[in-house]
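Work through the exercises below with the structure open. Try each task before reading its solution.

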Amino acid sequence: MATKGFVIYLLAGFSVAILSVFFVENLKNGDFKPRFYQSSNVLERVVGSEDKVWPELEFNWRVVLATVIGFLGSACGTVGGVGGGGIFVPMLTLLLGFDTKSAAAISKCMIMGASASSVWYNLRVPHPCREAPILDYDLALLFQPMLMLGITIGVSLSVVFPYWLITVLIIILFMGTSSRSFFKAIEMWKEETMLKKSMKEVPVNSRGELIIDTVYEPLVPKKEKTAFEIFKFNLNLKRILVLFIVWFVFLLLQVFKNDLTACTPLYWVLNLLQFPVALAVFGYEFVKLYKESKKRRLEGNPESICEADIQWTATNLIFCALCGILGGTVGGLLGSGGGFILGPLLLEIGVIPQVASATATFVMMFSSSLSVVEFYLLKRFPMPYALYLMSVSILAGFWGQCFIRRLIAVLKRASIIVFILSGVIFASALTMGVIGIEKSIRMIHNHEFMGFLDFCSSQ
């Protein structure tokens, strides 16, 4: 119910914001012509100028400060499973002086690098609670196709929505998700505190497992897995191949679409082809989870199929599909990649923080790399800066995961991940919200068009 209530909050807030466009435009007294934009999301819309601005990579205080911010943002973003694009773009535009389109492209490079190194680290980490991979491939296959489909829808909507509306949507989404995640973290912290108090009198072994009777030793001692055995156990090549095929098909459709004139018949055909691709993969996972869940319920088996602590009924599966599309739509609309919805959503459906972080980062690696390849083909970012900042993010993603996992092992508090997630989203709300409000006020003073834009003319 908490998850559904949160989604209802988002839908209600978005609906009121979108309907207010008509109210705002009707209040205008002047005859102002619409100003059309060619960019595809709020991170790519220009704050001031359409010209490409690529500063030279040279050692100075700005680069040093950007390195520190990029390292901390990547480390916290990957640990929380949200990426950190809401921090990177303001940093690249305000601190280093990039134009907003190039900043968005470099931001995707940073997210891809941090996500890839984080996934590499997580593949070498065992599940904290049971004998299962740290990456939940069932949830990845369930959400990734719908998330990428939603991103396509969001990118199309971002061409039509006015800048001030996107700013309002940023504030509604980020403040809602950060608040919900913060309260969830507090609840988890209290539960962990109670559990630690109750376990003071109970002996545990080095892995944190309860020892009911310390007199008898097990006949066959439990064999500890090596790092390579853990890596092989976490790596499911068959599932990864399916995700890669979906990624590759979406990439081909996007590349072919970039060379076409907007709103032509072939343009719409390539857009619509993404639906059967996404629905086919989702449908396969839908049927699998539904049948297995129904079989276990009939047998009286309470064990969950995957990490999510919900029953996989048809209603819940359709609900997750809509959440995936909503997350992707918001990600495409705001240029965030969808992690700001997927991370909190996995926690809402009962996934433990370690697995939620690893799975969200894994899915985000596919969505961000798709954007990076597309931006590279369009020559949207300078290679020296992209390679440098991506290298910083790769190191940050790996060592951020390493530090937080060790901290959790010492403190025995997985809620730290949720606090970090909430903090990153809140910081993104502040930075992007302030920039968006400043730009919107400037548009009002310049008497610019405040209504919906024409889709075909804005491409």
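**Exercise 1.** Decide how α14 and α15 are oriented to each other: roughly parallel, roughly antiparallel, roughly perpendicular or oblique.

Solution. Step 1: helix α14 covers residues 383-411 and helix α15 residues 415-445. Helices here are DSSP runs (H or I, at least four residues), numbered from the N terminus. Step 2: the two pack at about 135°, and their axes are 9 Å apart. Axes are lines fitted to C-alpha atoms over the stretch in contact, and angles run from 0 to 180 degrees between N-to-C directions. Step 3: under 35 degrees counts as roughly parallel, over 145 as roughly antiparallel, 65 to 115 as roughly perpendicular, and the rest as oblique. The pair is therefore oblique.

This is a predicted model, in which local features need pLDDT of at least 70, side-chain atom pairs count only at pLDDT 80 or more, and totals for chains, interfaces and linings use all residues. Residues are numbered from 1 along each chain as its sequence is written, and side-chain values use heavy atoms, without hydrogens and water.

**Exercise 2.** Which residues make the contact between α14 and α15?

Solution. From α14 come I404, L407, I408 and L411; from α15 come I416, I417 and I420. Contact means heavy atoms within 4.5 Å.

**Exercise 3.** Is K412 buried or exposed?

Solution. Step 1: K412 lies in the loop between α14 and α15. Step 2: its relative accessibility is 52%, so K412 counts as exposed (buried is under 20% relative accessible area, exposed over 50%, partly exposed in between; 1.4 Å probe, protein chains only). Step 3: K412 is not glycine, yet its phi is positive, near 55°.
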